[in-house]
Amino acid sequence: MTEKEESGRKKLINALKEYELSFEEKYPPEDIEIEFSEQYNKYMENLLAGKIPAPKKRKNRFCKRIAACAAAVLLVFGGSMTVKAFREPVTEFFTNVYEKIIEIFFQDDDITKSPSEIETVYTLGYVPEGYEFESFEINNYRTMTKIIFTNSENKIVFSQSIINGKSWLDNENTDYQYRYIGNIEMATIEKNNKITLFWNSDKYTFKLIVGIEISEEDLAIIVSSITEKD
Amino acid sequence: MKRKLCLIFSCIFILAAIFSATVFANDISLCNNNTMSNFTSFYITDTGEARVTYEYDGYPGITTGAVITIVIEKRNFLFFWDEVVTEYLAFPDESYIGTYGYQLSSKGTYRCTVTYRIGGTGGPDDVLTFEDTDTY
């Protein structure tokens, strides 16, 4: 400690001592008298004599328990709503857009109105030159169909499914967007030289997967050519 | 005794809150290296058959196959579910469309969880989890 600091320390100690003395002189302890009210003295006498029962804390505890339960319930239901409440509405389907995937689903009312099985099977009425029909598949519950057309290098895959379900599209490094082809609004992604389009009617959902070599004009014709399968 | 009960119920509520938060955190932390799209559906028919439709489309030259796990559970009490059946399916295909059916023996609310583990050369396996409930 330097001399200057030592000097300052002594001054501070003296000042504190001086303050203490002056404080005690001003308010001598023996002069402080505490006077309790008669009501308080009576209450204390009764309390010491055991005439007043100990205060009941039961009611207070019960309220705390109710409050704790209410907080827990709010936490449970509030927590379950935070992510699910974030929805981006489009014309008829709803999407939850996450970092890696796009979840597509429908409202319960729309599901109730739609058929639980595919009643009318659709196919593509037009495919670009060079593509040929490869396969048609429908599952045994008639909830989904898949039709594939191929050329020497690429495939066109057209799927139809019931509305009562969830679809996911890749959203990792994809060019995800909404677009119109004709008057149909679609969710689309593009990745690894493939374009995926998703849209729906009142009864079914449709998914079309094509290569990026398909021109915009051809894509519009393919979508508008959808027709009932024989 | 009441205090202990209160503590136990509080713990259950808090654990349930943490569990639900974890489920949603999983939803948004999926990796997606090998899967282009997929479709899943679950419903119970009037005759009590639980029907599951599963489908996935991978990327050509990248996706090598998938393991799909289907779990059907019946609601017992509040947050508690009893397992009814579990089915493991494996497909060495770039894309696949399939169904699974199970005849339920009693009425109630059922939950179906379908987990896709889709592998390929695009990176670590994708893990996608579908969950839905229906009542019979």
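This is a predicted model: local features need pLDDT of at least 70, side-chain atom pairs count only at pLDDT 80 or more; totals for chains, interfaces and linings use all residues.
Residues are numbered from 1 along each chain as its sequence is written, while chains are lettered from A and ligands numbered from 1 in the order in which they are written.

Q: What is the strand order of the open sheet of 7 strands in chain A?
A: Strands are DSSP runs of E with at least two residues, helices are runs of H or I with at least four, and both are numbered from the N terminus. Two strands pair if DSSP finds at least two bridges between them. Pairing in this sheet is antiparallel, and the order is S5-S6-S7-S12-S11-S10-S9.

Q: Which strands are the edge strands of that chain A sheet?
A: An edge strand here pairs on one side only. The twist from one strand to the next averages 20 degrees; axes are lines fitted to C-alpha atoms, for helices over the stretch in contact, and angles run from 0 to 180 degrees between N-to-C directions. The edges of chain A's sheet are S5 (132-138) and S9 (177-181).

Q: How many bridges join S5(A) to S6(A)?
A: These two strands run antiparallel. They form a hairpin with 5 residues between them, and A:Arg142 in the turn has a positive phi of about 55 degrees. A:Ile138 has A:Thr145 of S6(A) as its bridge partner. The number of bridges is 6.

Q: Which residue is the bridge partner of A:Ile147 in S7(A)?
A: S6 (residues 144-150) and S7 (residues 155-162) of chain A pair in the antiparallel sense over 7 bridges. Their hairpin has 4 residues between the strands. A:Lys146 stands opposite A:Ser159. For A:Ile147, the partner is A:Phe158.

Q: Why is S6(A) described as largely enclosed by the rest of the structure?
A: A residue is buried if 20 or more other C-beta atoms lie within 10 Å of its own, exposed if 12 or fewer, and partly exposed in between, with C-beta atoms placed from the backbone. S6(A) is largely enclosed because its buried residues number 5 of the 7.

Q: How many of the 11 residues of helix H2 in chain A are buried?
A: H2 (residues 38-48) is hardly covered. Just after this helix, A:Gly50 takes a positive phi of about 80 degrees. The buried count in H2(A) is 0.

Q: What distance separates the C-alpha atoms of A:Phe94 and A:Ile104?
A: A:Phe94 lies in strand S2 (residues 94-97) of chain A. This residue is partly exposed, since 14 other C-beta atoms lie within 10 Å. A:Phe94 and A:Ile104 are 10 residues apart along the chain. Their C-alpha separation is 5.7 Å.

Q: Where is A:Asn173?
A: Most residues other than glycine have a negative phi. A:Asn173 has a positive phi of about 60 degrees although it is not a glycine. It counts as partly exposed because it has 13 C-beta neighbours inside 10 Å. Its place is the loop between S8 (166-170) and S9 of chain A.

Q: What is the phi of A:Asn192?
A: A:Asn192 sits in the loop between S10 (184-191) and S11 (194-200) of chain A. With 16 other C-beta atoms within 10 Å, it is partly exposed. Its phi is positive, near 50 degrees.

Q: Which strands are the edge strands of the open sheet of 4 strands in chain B?
A: The order is S4-S3-S6-S7, with antiparallel pairing. Twist averages 15 degrees from one strand to the next. The edge strands are S4 (80-91) and S7 (126-135) of chain B.

Q: Which residue is the bridge partner of B:Ile70 in S4(B)?
A: Strand S3 (residues 63-77) of chain B runs antiparallel to S4(B), and 11 bridges join them. The partner of B:Ile70 is B:Glu87.

Q: What percentage of the 136 residues in chain B is buried?
A: Chain B holds 1 helix and 7 strands. Along the sequence the pattern is α-β-β-β-β-β-β-β. The buried share is 32%.
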